[in-house]
Each structure stands twice: as structure tokens, then as C-alpha cells.
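Subject: The two-chain model, handed over

Hi,

Here is the model I promised to pass on to you. Please open it alongside this message, and my notes follow below.

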Amino acid sequence: MVWRIGVDSGGTFTDICLFEEETGRLEIWKLSSSPDDPSRAIAQGVVEGLEQVDATAGDLGFLGHGTTVATNALIELRGVKTGLLISDGFRDLLELGRQKRPSLYDMNVDKPEQLVTRDLRRQVPERLKSDGTVDLPLDVEALKKEVQLLGEQDVKSVAICFLYGFLNTEHEALAKKVVSEMLPDVFVSTSHEVAPEFREFERLSTTVVNAYLGPVMKRYIQKLRERLDEVGLKVAPQLTQSNGGVIGFDAAANLPVRTVLSGPSTGVVAAQEIGKMAGFPNIITFDVGGTSSDVALLQNGICNLTGEADVHGYPIKAPMLDIHTVGAGGGSIAHVDSGGLLKVGPRSAGAYPGPVCYGNGNEEPTVTDANIVLQTLNPVEILGGRMKVRRDLALAAVQRLADQLGLGVMETADGILQVVTANMAKAIRVISVQRGHDPRDYTLMAFGGAGPLHAARLAHELDISRMIIPLTPGALCALGLLLTDLRADFAISRLTELTEESLAAVEAGFEELSVQALDWFATDNIPEDRRKEIRTVDMRYAGQNYELSVTVPAGPITLDTFKKLEEGFEAVHKQRFGFIAKGEKIQLVTLRLEAIGEVKKAQLQSYPKEGTSPDAAKIDERGVWMKSEGDFVTCPVYDRKLLKHGNQISGPAIIEQMDTTSVILPDMTATVDAYLNLIVEIAQ
Amino acid sequence: MTTIDPITVEVIGSALSSIVEEMGEALVRASYSTNIKERRDCSTALFDNKGNTLCQAEHIPMHLGSFIGILPNIMKRFDLADIKPGDVFMGNDAYEGGATHLPDIVMAEPIFVDGKLIAWAVNTAHHSDFADLGHEHIYQEGIRIPPVRLYKAGELQQDIQNLFLLNCQVPHERISDLRAQMSANRLCVQRMQDLCAKYGTDKVLAAGEELQDYAERKMRAGIAAIPDGTYSFSDIFDSNQWKERMEFSVDITVTGDEMTLAFDGPPQVRSGLNMIYTSLLASCYYAVKAVVDPTILPNAGLARPLTVTAPEGSILNCKHPAAVEGRIAACQRVADIIQGALAKAIPGKVAAAGNGCCTGAIFNGIREDGSIWVYLETIGGGGGARPSKDGLSGIQVHLTNTSNLPVEALELEYPLTLLRYELVDGSAGGGQYRGGMGIRRVYRVERPCRFSVEASRVSSCAWGLEGGEAGQMTHLDFGDGRTEFKGMADLKPGQIVEIVTPGGGGYGDPSKRTREAIERDIAEDRITPDFAKQVYSFSE
């Protein structure tokens, strides 16, 4: 018996997903997180999970782990005292950013907190030119003085970023050597290693975030490894990155900036695999929690990687799945503003006091309260009976809002859902229409605690005709860890034109990336038959400053490759901007190589087909308020656990399970597929 | 008229704002010139078929002035019945073309649904061109374009484009940026048609009307919270491009939920510092919204409770043929005095003056291949101290919010080296809460070029409030002994030019600043121990 375990450690719960390779058995275990020391709940969860299936740590073949340690340390500013070495003249670049004020109209909004205070930003006499050649050689004596000063200030980490450091790494490497010699216990992060790309501020910001989080991550990983050793774990644990792939602990400790979106990324990976299995490769994911919704678009089963994102106010250049987050979740608070319009969020009632219906003293109605009032959510108890709710309190809170709006209480509850749905739809427009994709061509996959509750309305709003609700929506991120490969991304900025003359340079560039990948494959002990490389190049018309990513066909780089790149670029440009500028010069900006170590993934079990009638799973009936009727409509309530492959449910219906509630509206039909996913078709 | 519930209004409102934001992204990403692709000096908006703003993206508030002007000028010259789907109008003239200065090229495309013109897609982009010209009157400032059809029913009017491009110094960038502007409008047309197909055109238009009423209600609610009365304020407007200091003043009268802003200023001048009336309006809309309620939707409804006057033929409401290229400098001061007057009305809720400038540097020259290059950048400065916290350092204020150009992009595209880009120690006005710090930029010129700078606060300072002190002034150094300059300069290779922008004003009595805050400022070199001693009576 070899078990594979995925552990997703979130703010509230730690989800464990266990999978047995031979039998395909899949089990889920959930326990409360231990935010003061997340490794405690993780180790405990692993032990408890294994006990559940009568296995021991020795039976473990793989442990993948998604963590919010880096994200939380960044949000809560719990990184370490960090120093910066930067080109002379540019001490304030970190604070200046792109020179824009954070809010156009509201002067009370602040810039994000500076992760390196001004006294610890030290300038080094040195200067490179835009072609990477040296304008002013690095003054080593001056550098040593600055490093000594940082040492006296007791910094725990040092970021090093010089202008054009991505083109010529000499000065940064020299500075790193000096720091490592003089301050051997300090974490060092250089811009050419962390984010070797054009645009100094974004590269600097990424390098600084990495330095700021480095020691935190190192400490966490060390502790987790000790705890896992204590429980007898034999395998090297893996950590998820923002790109959805996993990476060894050591690599993760050096590049914590690559794990800031570790949490939501594995949900997307799971959606990718489930979509493929269910036969729907074009998916929009819809992951709704208490305070936010994460959405992503998968075309042909693949979620695009983005090279840069703003994470809690800090620009970060790192390969991340293109996940867009909006402050709209179950706990989002509804209110009427001074102009008399109904607004929902981004303020959230959080886990405590939580929605009004929890009875913990909150009086402002939330999205969850609206669902309780409409009875889409069980008006008596939720979480599979673990928690009682107070519909009377929720109703009174929504009534207060209704009085302000001059609408009926049920219309208002329904309105809260309409408004929050519009906010969610806006997030989906960002990743679909704004990138040239029509959401109507996609299947909506709903997960997270509140995704399946709102997906039906969202599908209507976006004219989407099909949804999938996976079997374990609440633990999808943990499941994703068992479905993903080992992945490392390598990039190199090489500004050239798409002409014959640059063939050699491009070939050499990819060769260099291949060498780096080979090194990684060896370090992470990935057998040769499991190694895969995907090459892409960021391209643009000469003159533009934003690039479009184009896949490089396999094989040697030839003129034919360039021709295919040109065609690929034109197709993407046409899709994004509606035109092609024939005859304009095309530039290659960044060469990228994604190295993949394929792992044996969990194969979800399929079940034999049974009858269409879902009657055996029907556990209750309740009135659910529907806007189309202006009244409560009696809906059957089904238990998800009892539904079988082949069962069909016509809306309106409610399907309850411990981790979520699914709503099927009147014009929808849900069918249970072989993997027990709900496939919901919507009549047009 | 279709009646519509507040929830549908909110839902359609979200869709409209995501359309204009999407237009903005397309424009930036498809464009070629540094001023648009990196500095984002462009804006996008949707107008209803009566010419009212339905929704403006959160880019550059100054551009609201351009947007207000374009549709009335189109309607003045063209019969609505002759306007066809696929027509695209361009214009840039301040008096006839719907812009506020010639580099801002406005493009407007009608949106038709079921054969009916229901709305307009409009965007404007600042084309960094027309450099090294005069500013005695508008005829010196570049080609003047009234609204003309660049596309007729989808067909490019090549002769018009040729005429325009021949008048541009960097035609290759111009044509590419125009294409990006086209792309943005096309997207908007498509998205609006989809929206109408989904909700019905009547409903979308009714929601548009309601969104304007909603903005109006919020503006009225905000004004009503200000005590009735007349609040006056005046300030100096100065510029390195004009010999005299000028005084701008405003009387703001609040009566119930309405506000009148009556301005006074000197007669228009033979310099590019004049503003047309729509520039004045854009300045007022920005400043009043920022103080009264920053969350009001930026549409035409917010203007309804406001009355704005200024003497015709003055610098604040100029007449043809006054030059207007540098109007933003004066507009920034207009926003300052509105802020100053409202600070008297609602003390404790308004910040001290920010740097009040949009310091612009324009370099241009000839490349080795004979083509002309033009580089424009505007530099931020200190923000004003807020009633409960320090001001922001090194930001754009008021009517502009353009990005800087990354050094690594600047040096790649132009023969310039940036030696320093930093905050200016000691530049912020002291106070219980200090102002934000100004910016120093030091350039080394690598090839001969022509250069001009447009700066304000050269002889006046950003004021403090409630006892807070003023920030430091602008300082210019041309590396050849000159620290004052009007017009254009010739720069030689190796010459070093320095621009220092003003710091923001402080808020509250400096004696109330905490010891901890002063010590931190000293440790971070933001002030010297001497400064601390003088301003804060601080001793170690």
C-alpha cells in the first residue's frame, strides 16, 4: 500500500487528501489549522489521516503541501529586518515605485508599507549601461562599508538589485559574494536570480519581497521537516508554487516569492485535471471562500501563466497561474451607500463574528445571510449539521436594508445575490473577455465552500451553458496537490528581432536555460523518462512594451521555427487587439523554459452507471425563494454522498454535502458522471 | 421611459466600468510610444447619445476635459443622420476639436444597436510630438484638427491620415498609437452591443440615466454635509515659462446641496499656460469629488449641482487664439485653491497642499538615421500632509497620475542616462504630520538635443494647514550655470541637467509632532538634525 498525501494549510482549516495508488481509494480529512505554528496541524493531520485509512508514515510515497505562510507573512508584515544594496542614485526607487498615487481620488489611501526602511537602503557606486556594459565599475571598498553598516543594524536578510543586473550579473554576483563573506548568517537575494527581467522597479520589488520572506520560509520549512521526521516520514516533502507545480523544500526556501499564490493555485490544477477527465477542457474556475473569489481560465485544459501580478500592493514578477481575485465571498457585507444603491463587499464579516445568522453579534447582513433568508442554504443548520444558524436574525438584518431601499425583504435578499454575482462576473470578465475569450465557450467549474451555491446565478449572468461541480469542492486544493507535477521555471531576457541573424542567439539562450533545467532535474532526482521541457517566448512588435507569450515548437531552432513563431504571434495579437501590423518588426524579449518532472498522479476512481432516478438520495424538501416566481418554490433536497453515476436531477433542486451546498435552478439539469462530478446543463 | 430597479442599475454599472477599464488596457498594451505604453498618459470613456459621460476609467482626471468637448464639437459640424456605423472621428483642437491641448488626440466612435446610435466610445491619448515649437498662440503649437472622420463606415481615410502624419515629428509612433486607440474603441463598441443584446437597449440606456442621477445624488449628499457659506482662497501661480507671478482666487459658495465656484485670475497670456473652460471644469470636477466623496462615479451626473464661472479671456477661461499646451500647470493650482477653500469649510477633513505641479521635461533631437525623437516625461513631487498622517512622497497629484518611465526603458529608447532618481531630503513641509518629499532627477545627455522644462512653484511654495509649514520649491539646474530658464535650451553631450520638484505642505503645529516620528525622519535622512532643531525644536 503506497499512499500519496496532499495537505492544504489554510487560515481556518487544514485539508488532507489521501490517495492510494493501486486501488484508487480517495479519502479526505479536515482539521482546524494551528495558525501560530501551521506545521503542528499539518503533522497531526498527516498522522490522523493515515490512521483513518489504517496506514502509517512508512506507507507514504509522496507528500505535497500548499501553504499560505509566505502570503500571510506578507499581508501581516511579519517578514524580517531587511537591508537593500542598490545602484547609487536610486535609494528611493522602492518607495517611488511607478510614481503614481495609490488612489486617484482618495488622498487618504497609503502606499504599501516599505519592506526596507530608508536607512537600510544603501547605495553602491557602480553603473551598467543599457547594453549591459560597465559605465562605472563597482567600488568594492564602498560596498564593504555599506555591508558592514547593514551588519551593525542587525539585518537578517539583504536584497541586491542593480540597474541592468538582469543583463550583466557581474556586479550583483560580486556584491552577493561580499555580503555572504561578511555576514554569513544573512539571507541574500539578488535580482538576477529572483527575477532576471527588464523594468527595474518591478524586479526590485520582487527581489525585496523575496529577501523579506526568505528567513520566514526557511524557518517554517525547517520546523515542518523536523515535525514530519518525528512522525516518521521517509519521503522528501514538496511545496506548491504560484505556478501550480510543486518544488522541493530547498528550492522553495530560496525563492519564497514564488509561493505567494501557493494556496489557490492547486485548486486550479485540480480543476484542470477534473475538467480533462470529465471531457471539458475549456473551463472557468470559480473558487469562492468567505472573503474572496478566485477565478481562472483554462483553455484546452491549460491555465495561462502570467509573469507579473500585484500581490497585496507589491508588484511581483514570478510565474503565477493567471488567477484573479475579487473581494466577494460568503462573508461579504451588504449595505446601502449615500446615493441609495445596494453595495456588497469588499468588507467581510470574516470567520468571526461572521454572518448575522451565526448569532455572534454581527448585525450587518452578508451574502450568506441572504442565502439563509432565501433558503438556498439550509435555514436551520449548515456544515453537514455541525453548525446551527439563526434565520430570524438574518431576516431582521436584511429587512433593515430593505427598508432603506424601499424594496421587499425577499427582493432585497435576492438583490444582494444579484449584486455580488455582478461583482463575481466582473472578475470573470477580467480573465475572459479582457483577454479575448468568450465566457460562453467555457464550462464553469465551481468549488470552495460557497462556489456551488452561487455558480448557477453566475452562469446565467454570463450566459454560460454548462457547469461542473466536483465531488469534493471544499477540499479541491488538497486534491490538486496529488494531481500536479514537479515544476521549475527558468527565464532569460534577450532582446532580439525575429530575423535570421538572431537564430544563434535564441538557440544559445534556450541552451543556457536547458542547462539550468538539467541541473534542477538532477538536484530533485527526477528520472530521465519523467523529464519534460516546454519552451515559450515573449514577443511584441518593436515599439510595444507589453509582450504576448508564444509557444516554441519542439526541436532545434530553425528558420521554420521562426516562421511558426511569427504566425503564432500574429494569431495572439489579432485575438487580443483586433489587428495585425504586417511588415512591422517583431521582437523576442524573454525566453522561457518550464521544466517538468512528471509524477504519478492520482487517478480518480470511476463508478459503474446506475439508473437516472435520484430518488434514493432525496433527504428533504424545502421552500426556496425564486425571483422568477416572486415566491417560495418547493425544492427537493438531495444528499451528495448518496448520488450515483447516471442520476439526473432537474431543477429546481438543492444538493447538500458537508463542505458545500449546490443550487440547481429551474432551467438546469444536473447529471452525475462516472467520477461523481455533477455536470449541470443549462437550457438556453 | 423604462423603469429600472436599483439592483439592475448596479449590475449594468459594473459592466460599463469593466468596459472602459478593458479599453484602457488594450490601448496601453497595443501602443508604441513611451508616453502611452509605460507612462499611461491616456484615458477611456463611454458617453451617452446626448453627449453626457456615462463612465470614465480611472486614469487621468485631466482628460475628462477632453471628453466633455468632443461630442458637442462633432454634433456642431455633422448632422447626426449622416453618422454611420464604423465612422471614427478624431480631433485635437482646444477650441474646435474637443481636446484641451493639441497633443491629446481624441478618438470617438458611435455605437449603433439595431440601426440606432445609442452611445459613443471615446478615448484620448497624449501623443508625445509637436516638440520644440512656440507657445505665443495656438497656431504655434502643432496641427489643429477639428473633428474629422479618420474612418468612414470602417474605411480608413488615407488622405486625412497622410495630412496628419506629415505634421508629426515621430510619424511611426503616431500611426501605431492611433491603431491602439482604434483597437480600444472597437472593443468598446463590441462590448456595448453585447450588453444591449443581453439586457435590452432601453434598459441599458435607462441604467445609464439612472447612474448619472445616482452620481448627482451622491454629490448632493456630500455637498449638503458642508455648512452653508462662502469660502474664499487665493494662491500664487508661477511658471518658469512666464515672467510674472499671477494670483488665482476662488469664492466657493455652498447653499444646501449646491455649490458655486467663482474664479478670478489675470487675463490670458502669450504662453501655453492658459486653460479653456472645459479644462477648468475638469479641474473642478476632480477637486470637488476628491474632497466631497472620492467614491462618486465619474460621470456627468456629478456636475449637476456645481456652477463654475471665470472671467472670459482670463487665463482660467481663455479665448481663441490663446496657447494652451501647458494648461495642466495652471489647472493644478486651480485644484489647490479649491482644496484650500474647502479646508476652511470643513477643517480637519482636507489635506494640506501637495506639490501642485505637473513638472514636465521634454527632450528632442535627431537620431543617427535622421529621424526625430521626442521624449516627454512628467515628474511627481510631494503630496500634502493629511489631517492624521504624513503626506505621500514622490507621487503625481491632482489632475494627473501618469507613471514614470523605467530607467531601463528610458536609456534603451533615448540617448539619455539617468544618474539620480530619488526623494529630496528636507523638501517636505514640517508639521504634526509632515508633507511628502519632492523628487530629484539628474540626467546626463549623450547626444546633442533640444530641451525644455515646464515647472511651477518656482517662486512659491505648497502651503501647510493648521500651523503646518510650507514645502520646498522647485529647483532647476541646467549644468551650465543657469538655474532659471524659459523656452528651449540646446544641450551638449555630457551636460548634466537636474530637476528638483517641490515638497508637500505640512499639517498641524510642528510642536505636536511625536519625538518618535522626528527621530525616524532623522535616522532615515529625510531631515537633518539641524532641520529638526529649527522646525521641531528637537534636541537629541
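At what angle do helix 11 and helix 12 of chain A pack, and how far apart are their axes? Before the reply, please keep in mind that this is a predicted model. Helix 11 (residues 391-405) of chain A meets helix 12 of chain A at an angle of about 95 degrees, and 8 Å lies between the two axes. An angle from 65 to 115 degrees counts as roughly perpendicular, so helix 11 and helix 12 of chain A are roughly perpendicular to each other. From helix 11 of chain A, the contact uses A:Leu395, A:Val398, A:Gln399, A:Leu401, A:Ala402 and A:Leu405. Helix 12 of chain A answers with A:Val409, A:Thr412 and A:Ala413. Sorted by class, this helix contact has 7 nonpolar and 2 polar residues, with no charged ones.

Helix 12 of chain A also turns up where the two chains meet. That contact takes 51 residues from chain A and 56 residues from chain B. On the chain A side, the elements giving two or more residues are helix 3 (93-96), helix 7 (200-230) and helix 12 (409-431). Helix 12 of chain A provides the largest share of that side, with 7 residues. By class, the chain A side divides into 20 nonpolar, 17 polar and 14 charged residues.

Strand 5 (residues 82-87) of chain A runs parallel to strand 6 of chain A, and 4 bridges join them. Within this part of the sheet, A:Ser87 is found opposite A:Val124 of strand 6.

As for the domains, the assignment for chain A gives domain 1 (3-74 + 219-259), domain 2 (75-218), domain 3 (486-597) and domain 4 (615-682). The centres of domain 3 and domain 4 of chain A, taken over C-alpha atoms, are separated by 47 Å.

Chain B is divided into domain 1 (6-217) and domain 2 (351-540). Their C-alpha centres in chain B are separated by 33 Å. In chain B, 15 residues of domain 1 are in contact with 19 residues of domain 2, and the domain 1 side of that contact divides into 5 nonpolar, 4 polar and 6 charged residues.

Lastly, chain B as a whole. Chain B has 11 helices and 19 strands. Its radius of gyration is 23 Å, close to the 24 Å that the globule rule gives for 540 residues, so chain B is as compact as a globular protein of that length. Along the principal axes, the C-alpha atoms of chain B fill a box of roughly 75 × 60 × 40 Å.

Best wishes

Note on methods. Residues are numbered from 1 along each chain as its sequence is written. Chains are lettered from A and ligands numbered from 1 in the order in which they are written. This is a predicted model: local features need pLDDT of at least 70, side-chain atom pairs count only at pLDDT 80 or more; totals for chains, interfaces and linings use all residues. Domain bounds come from an automatic or database domain assignment. Two residues are in contact if their C-beta atoms, placed from the backbone, lie within 7 Å. Ala, Val, Leu, Ile, Met, Phe, Trp, Tyr, Cys and Pro count as nonpolar, Asp, Glu, Lys and Arg as charged, and the others, Gly among them, as polar. Two strands pair if DSSP finds at least two bridges between them. Axes are lines fitted to C-alpha atoms, for helices over the stretch in contact, and angles run from 0 to 180 degrees between N-to-C directions. Angles under 35 degrees count as roughly parallel, over 145 as roughly antiparallel, 65 to 115 as roughly perpendicular and the rest as oblique. The radius of gyration is taken over C-alpha atoms; the globule rule is 2.2 Å times the number of residues to the power 0.38.
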